[in-house]
Amino acid sequence: MPLIPQDEIVNFEKMIYLPMVLTVLERDRILFESGSFKLKRPYFELVEGAISQVQKELKETKIHMRRRQMKVLRNAGDDTFTEYVFYHGGYEDHRRYLNLRLRNRVEELIRIYLSMAEVKN
């Protein structure tokens, strides 16, 4: 039996992926602001909506983790893997993530949040 329940692993992974998604979207927002687009506002509003959704979910995840005394820390990494340490209920779990997997999942989440922002507007 795993020491950390699978439903909590989802929250740990949100704490890995959502800050990355937020960083990418904020950089993109800056590019849309300073870019030479003919009509900037639609792109800017789409990215702003996605950022808002990510921030909301990240806040909820942080509250959930704080209440359950959970913590995730980034450990050593190299060109291929990045290791994260999950703390939950007195247990420590070391997990290695393939950097390519991290990038692909962040890209997938950006698509999801941009489509969510598009529906709201």
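The model is predicted, so local features are reported only at pLDDT of at least 70 and side-chain atom pairs only at pLDDT 80 or more, whereas totals for chains, interfaces and linings use all residues. Residues are numbered from 1 along each chain as its sequence is written, and side-chain values use heavy atoms, with hydrogens and water left out.

**Sheet and helix**
- Three strands make an open, antiparallel sheet in the order S1-S2-S3, where strands are DSSP runs of E with at least two residues and helices are runs of H or I with at least four, and where pairing requires at least two DSSP bridges.
- Strand S1 (71–77) and strand S3 (91–98) are the edge strands, each pairing on one side only.
- Strand S2 (residues 81–88) is joined to S3 by eight bridges, and Tyr87 stands opposite Glu92 in S3.
- Helix H1 (residues 6–34) packs on the sheet and touches S1, S2 and S3, contact meaning heavy atoms within 4.5 Å.

**Aromatic pairs**
- The structure holds three aromatic pairs, defined by ring centres within 6.5 Å, with planes under 30 degrees apart called stacked, over 60 edge-to-face and the rest tilted.
- Phe12 and Phe86 are stacked, because their ring centres lie 4.5 Å apart with the planes at 5°; Phe12 belongs to helix H1 and Phe86 to strand S2, so the pair ties together parts 74 residues apart in sequence.
- Both Phe12 and Phe86 are buried, that is, under 20% relative accessible area with a 1.4 Å probe and protein chains only, against over 50% for exposed and partly exposed in between.
- Tyr84 and Tyr97 form an edge-to-face pair, 5.9 Å centre to centre with 75° between the planes.

Notes:
Axes fitted to C-alpha atoms, helices over the stretch in contact; angles between N-to-C directions. Phe/Tyr/Trp six-rings, centres within 6.5 Å; stacked < 30°, edge-to-face > 60°.
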